[in-house]
Amino acid sequence: MTTSDVKIALLDDSNYGTWEFRVSALSVEKGYDSVIKDGLEDAASDEDKRLDTKAHSFLCLHVSDQFQSVCKASKTSKELWDNMKDLF
């Protein structure tokens, strides 16, 4: 099974624990974990900024419509991850 075969239920108001575990594991597989968990350094390279953009998109694609406003309001993947955690 490849990571493209992995199906993760979208985050909703009842599945944060399972969602967090699975998205975290998949983010490691995709190489997004460092920017999601640690954020970007002040002097981040363009490559790191692109990785963060991909990580942000990855997270937004794994949440239900009710949380899209949080995605839109969060500027980085770490900010989004932390905002989701704070909601639950």
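The legends below describe close-up views of a predicted model.

**View 1. Tyr16 and Phe88 form a stacked aromatic pair.**
A pair of aromatic rings is described by the distance of the centres and the angle of the planes. A search of the whole structure finds five aromatic pairs. In the pair shown here, the ring centres of Tyr16 and Phe88 are 4.9 Å apart and the planes meet at 10°, so the pair counts as stacked, the cut-off for stacking being under 30 degrees. Tyr16 belongs to helix 1 (residues 16-30), while Phe88 sits in the segment after helix 5 (77-87). The two residues are 72 residues apart, and their pairing links distant parts of the chain. Tyr16 counts as buried, at 17% relative accessibility, whereas Phe88 counts as partly exposed, at 40%. Both belong to one aromatic cluster, which is formed by Tyr16, Trp19, Phe67, Trp81 and Phe88.

**View 2. Helix 1 and the residue after it.**
Helix 1 has 15 residues and reaches 20 Å from its first C-alpha to its last. This is close to the 21 Å expected at 1.5 Å a residue. Buried residues in this helix are Tyr16, Trp19, Val23, Ser24, Leu26 and Ser27. Their cover includes helix 2, helix 3 and helix 5. Gly31 follows helix 1 and has a positive phi, near 85°.

**View 3. Helix 3 and what covers its buried residues.**
The 15 residues of helix 3 should span 21 Å at 1.5 Å a residue. The end C-alpha atoms of helix 3 are 21 Å apart, which agrees with that value. Asp52, Ala55, His56, Phe58, Leu59 and Cys60 are buried in this helix. Helix 1, helix 2 (33-38), helix 4 (68-73) and helix 5 are among the elements that cover them.

**View 4. Asp52 is a buried residue without a salt bridge.**
Asp52 lies in helix 3 (residues 46-60). Which side chain of opposite charge is nearest to Asp52? It is Lys49, 9.9 Å away, and a salt bridge needs the nitrogen and oxygen atoms within 4 Å. Leaving aside neighbours within four places in sequence, Asp52 is in contact with Val35, Leu40, Lys75, Thr76, Ser77 and Lys78.

**View 5. His56 and the backbone of Ser74.**
His56 also lies in helix 3. With a relative accessible area of 15%, His56 is buried, since the cut-off is under 20%. A polar atom of the His56 side chain lies 2.8 Å from the backbone oxygen of Ser74. Not counting residues up to four places away in sequence, His56 touches Cys71, Ser74, Lys75, Thr76, Ser77 and Leu80.

Side chains of opposite charge can pair when their charged atoms come close. How many salt bridges does the structure hold? It holds one salt bridge. An α-helix has 3.6 residues a turn, so residues three or four places apart point the same way. Lys78 counts as partly exposed, at 26% relative accessibility. Asp82 is partly exposed too, with a relative accessible area of 27%.

How values were computed: Residues are numbered from 1 along each chain as its sequence is written. This is a predicted model: local features need pLDDT of at least 70, side-chain atom pairs count only at pLDDT 80 or more; totals for chains, interfaces and linings use all residues. Side-chain values use heavy atoms; hydrogens and water are left out. Rings of Phe, Tyr and Trp (its six-membered ring) pair if their centres lie within 6.5 Å; planes under 30 degrees apart count as stacked, over 60 as edge-to-face and the rest as tilted. Helices (H or I, at least four residues) and strands (E, at least two) are DSSP runs, numbered from the N terminus. Buried means under 20% relative accessible area, exposed over 50%, partly exposed in between (1.4 Å probe, protein chains only). Lys and Arg count as positive and Asp and Glu as negative; His and the chain ends are not counted. Contact means heavy atoms within 4.5 Å. A polar contact is a pair of N or O atoms within 3.5 Å; within protein, one must be able to donate a hydrogen and the other to accept it, and residues adjacent in sequence count only if both atoms are side-chain atoms. The expected span of a helix is 1.5 Å times one less than its number of residues.
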